[in-house]
Amino acid sequence: MATEYGGRPWRHAAPSYGGQPPNRARRGSQRWFAAIAALVLGVAGLAVALTGIAFQLLPRQFSAEQQRQITDWEVGKRWRTMPAGKIFPASLQYPAPSVLSDPGLRLPADRIGIASQASCAAATDPAAVGAVLARHGCEAMLRATYVDGTDTYVITVGVAAMPGSAQVNAAERELADVGGSTGAGVRTVPVAGSLAALFTDSRRQLSASFAAGPYLVFYAIGYTDGRPSVPVSADHYADSEMTFAGAGVAQAVASEVGKSVPPPTCPGTPGC
């Protein structure tokens with residue numbers, strides 16, 4: 001007979017203890033697994049955060065394209081910041097033509113005058129050259145005229161400021177067949193009262209251009225005596241001498257304004 005308590009039978013006595021109920025055991029296991037998962041995720045998140053901090057603390061790395069853009073910016077600002085007399089030195093030297101017996105000989109050239117800054121269209125033959133430069137974003141043309149040490153040749157050098165080396169290379173490809181013996185290219189800068197007084201566009205004997213970083217450098221060469229354009233390519237010596245004089249003077253100018261800079265690294269480069 002069931003035990004009585006307070007005069008009434010105890011009909012629902014609890015069974016003897018046999019461990020946790022099944023539902024409570026499952027809930028405990030789930031909490032345990034959740035705690036382990038949270039710990040694992042926390043450790044993983046901490047590792048990711050520490051990795052990010054480590055990368056932020058390391059010196060910044062530039063891609064090849066970023067290096068080119070930074071270099072173009074550094075060199076490309078010179079046409080605005082350098083004095084005209086530094087871009088176009090008063091005197092310079094260039095290598096003698098290969099037809100001479102002394103390959104180490106360097107010849108002098110003196111600056112006669114510097115022109116005012118001009119648009120690329122105004123300072124070049126508009127149809128053959130100006131349109132190409134405009135298409136590739138040419139910003140301005142700087143020009144100066146030189147006479148060689150023998151007072152025989154007069155050379156106008158033009159520095160076209162472009163947005164970057166990519167635009168220079170694209171324009172150079174289009175201009176590959178322009179100039180040469182046709183004379184088309186940079187327009188001359190005659191200087192009154194000097195040996196360059198008669199150097200007009202119709203007296204250009206040879207013209208050419210080449211890349212110098214974010215600049216396209218031009219030259220046009222002729223005779224100081226004002227003779228009209230003649231086919232100098234038929235005379236090997238004259239052709240070689242004029243080519244070396246024109247290209248040599250232009251290269252000397254390019255070595256100033258287009259001088260390369262070290263590849264950008266961090267620290268020390270703007271943007272690091």
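Here is a quick tour of this protein chain, from overall confidence down to single residues. The model is predicted, and the chain averages a pLDDT of 80, with 65% of the residues scoring at least 70. The protein chain has seven helices and eight strands, and 36% of its 272 residues count as buried.

**Confidence and overall numbers**

- Take the contacts in the protein chain with a separation of 6 or more, and 68% of them come from residues 24 or more positions apart.

**The disulfide**

- The count comes to one disulfide, and C120 and C138 are the pair that form it, with their sulfur atoms 1.8 Å apart.
- This bond links distant parts of the chain, 18 residues apart: C120 sits in the loop between β4 (106-114) and α5 (126-135), while C138 is in the loop between α5 and β5 (140-148).
- The disulfide is left-handed because the torsion about the S-S bond of C120 and C138 is about -60 degrees.
- Both ends are tucked away: C120 has 5% relative accessibility and counts as buried, and C138 is buried too, with a relative accessible area of 16%.

- V129, G130, V132 and L133 are the buried residues to look at in α5.
- They cover an arc of only 160 degrees around the axis, so they lie on the same side of α5.
- The buried residues of α5 pack against β5, α6 (165-174) and β8.
- Just after α5, G137 takes a positive phi of about 80 degrees.

**Nonpolar cores**

- The largest nonpolar core has 34 residues, and those with the most contacts inside it are F88, Y146, V157, V217, I221 and V249.
- Elements giving two or more residues to this core are β3 (91-95), β5, β6 (153-161), β7 (206-212), β8 (215-223) and α7 (236-257).
- Helix α7 gives the most to this core, with nine residues.
- For a closer look at one member, V217 is in contact with V157, G158, A208, S209, F210, A212, A250 and A254, leaving aside its neighbours within four places in sequence.
- There is also a second, separate core of 22 residues, which includes V129, L175, A196 and F199.

**A spot in strand β5**

- T145 is found in strand β5, and at 0% relative accessibility T145 counts as buried.
- Not counting residues up to four places away in sequence, T145 touches D110, R111, I112, G113, V154, I155, T156, V189 and A196.
- A196, one of those partners of T145, is also among the residues of the second core.

Notes
Residues numbered from 1 in each chain as written. Predicted model: local features only at pLDDT ≥ 70, side-chain atom pairs only at ≥ 80, totals over all residues. Heavy atoms only, no water. pLDDT = per-residue confidence, 0-100. Disulfide = S-S within 2.5 Å. Helix = DSSP H or I, 4+ residues; strand = E, 2+ residues; numbered from the N terminus. Buried < 20%, exposed > 50% of the residue type's maximum accessible area, 1.4 Å probe, protein only. Contact = heavy atoms within 4.5 Å. Core = buried A, V, L, I, M, F, W, Y, C linked by side-chain atoms within 4.5 Å. Arc of directions from axis to C-beta.
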